[in-house]
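Hi,

Here is the structure I promised to pass on. Have a look at it first, and my notes follow below.

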Amino acid sequence: MSYSRKKLNLTGQRFGKLTVLGTAENIGKRTAWWCLCDCGRETVIKTSCLRSGHTTSCGCLTKRADSGRSPLGLTYVDGTCVEMLAAKTVRRG
């Protein structure tokens, strides 16, 4: 006995800042969706990432959150490196 699953259609649905425009070419064996972000950028996202809430934008939210970082990827608050405090590392300069 074989079971056939009904194909999921996410077209028109919103996931965070993303609106699904339609299906895209699969990523490996996984179904992918062509999405439009509120910032205006288009991107392709796997079904599992959309439905789990793992991906909610084209990446523009991550870029905005990283705006307080140095070119080396370290975060400074009032001249203090947050990562070094967390690692209990002291830099002598």
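What is the volume of the largest pocket? The largest pocket comes out at about 350 Å³. One caution before the rest: this is a predicted model, in which local features need pLDDT of at least 70 and side-chain atom pairs count only at pLDDT 80 or more, while totals for chains, interfaces and linings use all residues. Residues are numbered from 1 along each chain as its sequence is written, and side-chain values use heavy atoms, with hydrogens and water left out.

Since you will want the pocket criteria: on a 1 Å grid over the protein atoms alone, a pocket is an open set of points where a 1.4 Å probe fits, with protein on both sides within 12 Å along at least five of seven lines, and lining residues have an atom within 4 Å of a point. The volume is the space filled by probe spheres set on the points, which are joined across faces, edges and corners.

The lining consists of Arg5, Lys6, Lys7, Leu8, Lys29, Arg30, Thr31, Trp33, Thr47 and Ser48. By class, that gives two nonpolar, three polar and five charged residues. Strand 3 and helix 1 (47-52) each supply at least two lining residues, and the largest share, three residues, comes from strand 3.

As for the fold, the protein has three helices and six strands, in the order β-β-β-β-α-α-β-β-α from the N terminus. These are DSSP runs (helices H or I, at least four residues; strands E, at least two). Of the 93 residues, 25% count as buried (under 20% relative accessible area; exposed is over 50%, partly exposed in between, with a 1.4 Å probe and protein chains only).

Strand 3 (residues 30-37) also holds Trp34, which is partly exposed at 35% relative accessible area.

The partners are Asp38 and Arg14, with their closest N and O atoms 3.0 Å apart. Asp38 sits in the loop between strand 3 and strand 4 (42-46), and Arg14 in strand 1 (residues 14-15), 24 residues apart. Asp38 is partly exposed at 45%, and Arg14 is partly exposed at 46%.

Best wishes

Technical notes
Nonpolar A, V, L, I, M, F, W, Y, C, P; charged D, E, K, R; others polar. Salt bridge = Lys/Arg side-chain N within 4 Å of Asp/Glu carboxyl O.
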